[in-house]
Amino acid sequence: MGQQVCSRAMSLREADNGAPWLATGHRLSPARLEETLDVAGRAGALLGWTETPAPYQLSDRATAQELLARAWREITDQLAVAAGTDPDRLGELIALLTDLKAADERVRDEFLARQSSAARVVREALDVLRDVDTVAQLTERAPLAVSTIGFDRAVLSRIEQSVWIAETAYVAKDPGWADEIRRAGSDQPRTLDGSLLETQIVRRNRPLVVNGLADRTDLHRALIDTSMTRSYAAAPIVGWGRVIGFLHADCYHQRRNLDAMDRDLLWMFCAGLGTLITRAAALDELNRLRGELRRLADGPGTEGGTPGAGLSWSRPAPEIPFGQPEPFTGRGGRPPAELKPELTRRELDVLRLMSGGRTNGQIARQLVIAEGTVKSHVKHILRKLDAANRAEAVSRWLRTERAGGSARTGYSRSRVGAT
């Protein structure tokens, strides 16, 4: 079975000659395509066109409406001449104008109907995931759910300390290729340092559509080359106040470029997915704590048989799932005490990372900000804490943390990376 899957993916790639995709956006329905070809053919015959588009050239709304508009302009230009010289031709031209208008309206109505149903389609896709209670299951099933809103392939990635890492992927009827694409993104993770286009998604919290990929140097080439995509949409997954991951999707089997509507559909899906992920992460943590409490209630020496077995208070906290930032708190879950004068939310983020020995460059990458901005925050921290250097600033913060109490920062539930 595995060999069959691999050979299928290989045969698809061998058959792909790399030619650009002609269609952009959702393709016309068969009925609209047939009607547009018919009226365009009649217009071409009447106007003396040397050739009319083939069906594969006339597959999307924009191309169809452009052709119908061209026919409309050329026919209206001939009306005045035909009115004085050829009454029969005038009648044909007017009848054809009527048919052109009707065809154009039906193409437009089909597009508007698809737009109006977008929210329902996304809601139905998310409904499939609402009963999933763990982050692991969500990350596994989300790419498949994306396919139900019109995409052929999807890759879900997490962001971990500004590093973009592919988690799961889906390719319609081709799990082997999906795994190759996933490994291209997980085995070759990329840092979101400004050299990649996806850095804009993190900084702006906005989706994007990318076309014309062949010569671009700001893309994840391993993913592009493995998937052989010509066009893709990417949208942010937001949780705990920041971008924690991406969803990338394309329409490879449909052989079409994506448009703004595809981008917005994916964004709507990601907005709901981010909420589901934060909910599932909370349930994961509650289950862990429930298992820990049960183990403690069973007494020392209890092994196995209960949820959370093997966890102990001395064990480091488990890795926060799917890029969730660590809470910025002091010992016992309390915020750092009496940092005076008040530090801003971002200054506290920088200070905590400084305490871990991170350089300005490392802090900038983790918080997805410029290194110059980090230097400015460090300068303010030193001044506010009356510290001569970074080590002294960290030392004073650690002393206040050990002292306990409540900070006058208004940031008792802040999280590293929040904006």
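Is P189 buried, partly exposed or exposed? In this predicted model, local features need pLDDT of at least 70 and side-chain atom pairs count only at pLDDT 80 or more, whereas totals for chains, interfaces and linings use all residues. Residues are numbered from 1 along each chain as its sequence is written, and side-chain values use heavy atoms, with hydrogens and water left out.

View 1. P189 is partly exposed, with a relative accessible area of 38% (buried means under 20%, exposed over 50%, partly exposed in between; 1.4 Å probe, protein chains only). The loop that holds P189 runs between α7 (175-186) and β4 (190-191) (helices are DSSP runs of H or I, at least four residues, and strands are runs of E, at least two, numbered from the N terminus). The C-alpha atoms of P189 and I165 lie 5.0 Å apart, although 24 residues separate the two along the chain.

**View 2. The buried residues of helix α5.** In α5 (residues 118-127), A118, V122, A125 and L126 are buried. These residues line one face of the helix, because they fall within an arc of 95° seen down its axis (the arc of the directions from the helix axis to the C-beta atoms).

**View 3. The largest nonpolar core.** Among its 33 residues, L247, L266, F269 and L273 touch the most other members (such a core is a set of buried Ala, Val, Leu, Ile, Met, Phe, Trp, Tyr and Cys residues joined through side-chain atoms within 4.5 Å). The largest share of this core, nine residues, comes from α10.
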